[in-house]
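Here are my notes on the model, as numbered points. Please read them with the structure open.

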Amino acid sequence: MSKSKSRAETAARIRHLLDTEGDAVAENTRGFNRGRYESVRELDDYESLKSAARAIKEDAIERIPELIDELRESVEANGGHLYVAADPAEANAYVREVVDGGNVVKSKSMTTEELDLNDALEADGAAVTETDLGEWVLQLADETPSHIVGPAVHKSREGIADLFAETFGLDDDDRPETAEELTRFAREKLLADIREAEVGVTGANFLAADSGTLALVTSEGNARKTAVVPDTHVAVAGVEKVIPTVEDLAPFVELIGRSGTGQDITSYVSLLTPPVSSPPVDFGEADSPVAERGAAGGDGATDPHPDREFHLVLVDNGRLDLREDDDLRETLYCIRCGACSNSCGNFQSVGGHAFGGETYSGGIATGWEAGVEGLDTAAEFNDLCTGCSRCVPACPVEIDIPWINTVVRDRINRGDAADGEGSGSVGFLVDGLTPDEEPAGLDPAKRLFGNFETLAKLGSATAPLSNLVANARPVRGAMDRWLGITRERDLPAFERETLVDWFDARGGPRVSEGLARREAVVYPDVYTNHVAVDRGRAAVRTLEALGVRVTVPESTAVGSGRAPLSQGMVETARRKAERCRDALLPEVDAGRDVVVIEPSDLAAFEREYERLLPADDAERVADGCFEVLEYVYGLLENGADPGGLTTAEDAGGRARVAYHPHCQGKTLDLEPYTVAVLERLGYEVDTSETECCGMAGSFGYKSEYYELSMDVGEPLSEQFGDAERVLASGTSCREQLDALLGSPAEHPIEAIAPGE
Amino acid sequence: MSADMLSAFVDSAERHHATVHRVAPEEVTATIARLVEAPAVGVALPWGLDLPEAVATDPTPADLDAAETGVTAARLAIADYGSVVLESDAAGSEAVSLFPERHVAVVRAGDVVPGMREAIERLGDRLRDGASAVLATGPSATADMGDLVIGAHGPRAVEIVLVEEAEEMDGHDSGPDSEEDSRE
Ligand code: SF4
């Protein structure tokens with residue numbers, strides 16, 4: 001299959017999901033995401049709870065074998081059984097033997113989805129009923145979950161009403177319509193199945209090794225019924241769910257609901273130490289008392305009920321190998337809260353049926369699917385992580401989810417090369433243009449975007465001709481066909497005079513060494529140097545007005561490695577990072593601050609360099625770099641006189657500004673500096689609530705993702721549609737806002753810079 | 001347990017759609033009688049407290065199915081969250097608190113702890129001894145049917161009877177709960 005064909009198919013599939021499921025997914029996930037912000041704000045110790053949770057998981061994953069032994073002792077001492085299954089076949093065989101063709105009710109469990117347990121049990125003639133309302137809807141509709149926490153977020157209320165009416169042959173008069181009626185209806189139907197059940201199957205959110213307690217985090221109450229009504233309970237969980245002690249549960253209980261759906265706590269957190277003391281509720285003997293006559297509250301609370309049987313099935317299925325993988329190990333810290341899905345612009349638009357694999361969905365699914373199913377499955381959707389990093393502060397166990405996606409992308413790139421897939425007829429051209437560290441068969445579009453720096457140099461050197469040629473219709477057609485660069489987008493226009501050239505031509509630094517408050521280098525990142533030169537000039541003028549002796553050395557005009565990193569070209573990124581470090585550290589050592597305009601480059605310095613460079617170097621680069629408005633803020637706080645800057649008053653009627661902070665800038669907590677500086681200069685700032693504009697570097701240029709990218713940006717057009725003046729920190733946000741609103745956005749530094 | 005903590009508990013519980021009734025021990029039975037809707041089932045209360053006549057003990061599965069109200073004791077309550085901690089037992093408290101539409105939970109003011117950490121610490125040894133418990137916060141709920149619905153598989157209404165000794169009702173600190181009347 002040619003790349004352009006598969007691109008067209010991907011685009012069609014995404015379009016279909018945007019049309020059919022997009023609205024319901026968007027409403028639900030954005031609601032959860034807003035809820036998360038509100039709910040974690042109430043926690044004074046949110047950050048320390050996250051760190052505590054992270055530390056517990058790090059330790060637990062380190063000690064899995066030992067903790068499983070301890071858990072086994074605890075479970076067996078209580079009278080239960082523990083079985084460790086290497087793969088789905090082993091796990092299913094064990095559960096089938098316990099179930100023995102009987103009636104099964106289940107509460108929601110992703111791990112059993114991973115095993116396809118229902119199919120295995122049904123093959124033996126067992127009746128299997130999902131009792132979580134969302135899962136039940138999917139069981140009736142024969143669909144797969146689109147979200148790890150809300151499996152049916154893609155279904156609308158109307159869709160569910162139709163499904164029930166059709167499945168149960170209800171006529172118009174008695175079909176349930178409202179959410180309340182639908183819930184009642186489902187409860188009654190499911191209660192009938194729960195009454196008949198011989199075995200209850202649950203998952204486990206956490207397993208405490210010291211007591212054999214399993215924690216189930218739910219709100220509907222179905223997991224409680226599943227575990228308490230039948231006399232036999234089977235719990236199925238990945239080996240990564242084991243934590244050392246009961247006390248270790250505390251931070252997770254506080255974080256999981258808040259992170260996932262924005263509930264400070266779910267209605268029920270069951271802490272079951274099975275076999276439990278509760279008597280089974282045997283509807284076969286509906287008229288005999290459930291308990292011994294005269295039993296009082298608290299009786300026999302620590303004794304397993306004699307009629308009960310409990311089996312804990314721990315599933316490996318690739319997890320122990322993941323544990324040995326230095327780049328992907330963190331996946332096992334995941335508590336499946338769903339925050340990475342809800343905080344993700346792409347996921348909000350298209351949901352887990354596009355952004356997901358066999359079982360798992362959202363940002364972390366790449367890690368899970370790569371570990372559990374293999375790279376091929378992860379490759380199906382890995383592109384949908386744009387590295388915007390908005391999931392990073394949302395993750396309650398501080399997983400660097402974008403890095404997992406980058407590493408997997410790199411492995412996919414290399415795997416692709418190994419089976420020698422052809423790369424289209426312009427592949428060689430791109431290869432020649434862009435020598436890099438990547439395998440020969442790498443997708444040429446990835447190679448092109450990954451080597452944007454080379455392209456930009458050529459583009460500036462030959463501007464304006466390069467722009468004319470690049471935008472000529474036949475060229476755009478070929479780019480679309482062979483490289484998958486959509487015709488819908490304007491290409492970046494290269495400036496003939498780069499920032500470095502402008503600075504030299506202007507005669508170098510203007511603030512004398514003696515009078516300088518500080519010395520700084522304005523980092524001429526690839527975009528600022530070749531495309532968005534205006535904002536670079538504005539930065540220089542602003543800093544000079546605040547008494548900083550600024551230089552823009554040619555030696556520092558080197559890419560940060562962000563571009564190849566976003567394409568999963570890790571080795572190329574590493575080489576660039578080394579070169580950039582060699583350019584920047586001498587400046588830092590000479591006492592100059594490095595001022596960075598493009599947030600994605602700063603994010604590379606502050607977040608990814610620790611993965612690419614020796615720890616010491618990475619730290620020195622990170623410590624020496626500042627985002628430009630953060631730097632301005634610091635100067636003003638330290639007494640610099642803002643007199644020379646353009647205030648709201650100077651700007652006349654343009655004092656109200658709409659501001660979209662860059663996604664990675666938000667993750668670095670840069671937004672407050674920009675807002676504070678603008679407010680100090682009298683601007684009224686309306687900040688966007690959108691996590692990511694949808695452009696995300698090269699993502700929005702790719703033909704197959706163009707429509708999705710525009711859909712992700714839709715909330716921005718809703719919020720900023722009427723704005724007179726729009727500011728945005730990132731270059732790609734600027735392009736996206738231009739496409740969405742029809743008028744270009746400025747960088748905040750351009751708003752406050754002194755006139756030329 | 002302080003007066004502030006009790007009112008924090010009341011606020012949090014009400015935020016989670018539960019209702020709290022603060023009463024003296026001698027008022028417990030009458031309060032429960034007022035709160036139950038017939039038919040009602042329950043599990044005999046510890047701490048020398050009595051269930052009203054209207055609440056039948058020793059329920060059968062059919063009774064559980066038919067009951068409008070279930071009455072049980074709660075072992076702990078958590079001020080930050082408005083949760084009650086329902087321990088499982090051989091008397092079937094778990095089922096009684098779960099099947100009926102309305103759950104009436106009786107908890108002593110001395111058993112209110114400030115936060116999650118304290119609650120889990122209190123539960124640690126108990127769970128290691130083999131006990132099971134549910135941290136229950138408000139009624140059951142679902143968002144799976146296109147909107148938030150209160151009342152899913154579990155109760156739709158939660159009434160919490162908070163039992164305060166005389167000095168607690170004056171707002172004095174009663175200190176840690178006394179051993180004589182604890183239920184172990
Ligand atoms: S990776 Fe983090 S945010 Fe995503 S589901 Fe797992 S724990 Fe939640």
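1. Polar contacts come first. Between chain B and chain A, 39 residue pairs are in polar contact, both residues at pLDDT 80 or more. Bear in mind that this is a predicted model.

2. Which elements of chain B face chain A? Those giving two or more residues to that side are helix H3 (61–66), strand S6 (83–87), helix H4 (93–98), helix H5 (116–128), strand S9 (133–136) and strand S10 (141–142) of chain B. H5(B) gives the most, with 9 residues. The residues on this side of chain B divide into 28 nonpolar, 18 polar and 16 charged.

3. Now the extent of the interface. The contact takes 62 residues from chain B and 72 residues from chain A. The two chains bury about 5600 Å² between them. Of that area, 57% is on carbon and sulfur atoms.

4. Salt bridges also cross the interface of chain B and chain A: the rule finds 8. One of them pairs Arg156(B) with Glu180(A), with the closest N and O atoms 3.5 Å apart.

5. Strands pair between the chains as well. Strand S9 (residues 268–272) of chain A is joined to S9(B) by 4 bridges, and the two run antiparallel. Leu271(A) stands opposite Ala133(B).

6. Chain A also has an open sheet of 4 strands, in the order S12-S11-S13-S14, with parallel pairing. Its edge strands are S12 (548–551) and S14 (625–627) of chain A. Strand S11 (residues 518–522) of chain A is joined to S12(A) by 4 bridges. Within that pairing, Ala520(A) has Val550(A) as its bridge partner. Helix H30 (615–624) of chain A packs on the sheet, touching S13 (593–596) and S14 of chain A. The direction of H30(A) makes about 40 degrees with that of S14(A).

Terms used: Residues numbered from 1 in each chain as written. Chains lettered and ligands numbered in written order. Predicted model: local features only at pLDDT ≥ 70, side-chain atom pairs only at ≥ 80, totals over all residues. Heavy atoms only, no water. Pairing = 2+ DSSP bridges. Contact = heavy atoms within 4.5 Å. Axes fitted to C-alpha atoms, helices over the stretch in contact; angles between N-to-C directions. Buried area = accessible area lost by both parts, 1.4 Å probe. Salt bridge = Lys/Arg side-chain N within 4 Å of Asp/Glu carboxyl O. Polar contact = N/O pair within 3.5 Å; in protein donor to acceptor, adjacent residues only side chain to side chain. Nonpolar A, V, L, I, M, F, W, Y, C, P; charged D, E, K, R; others polar.
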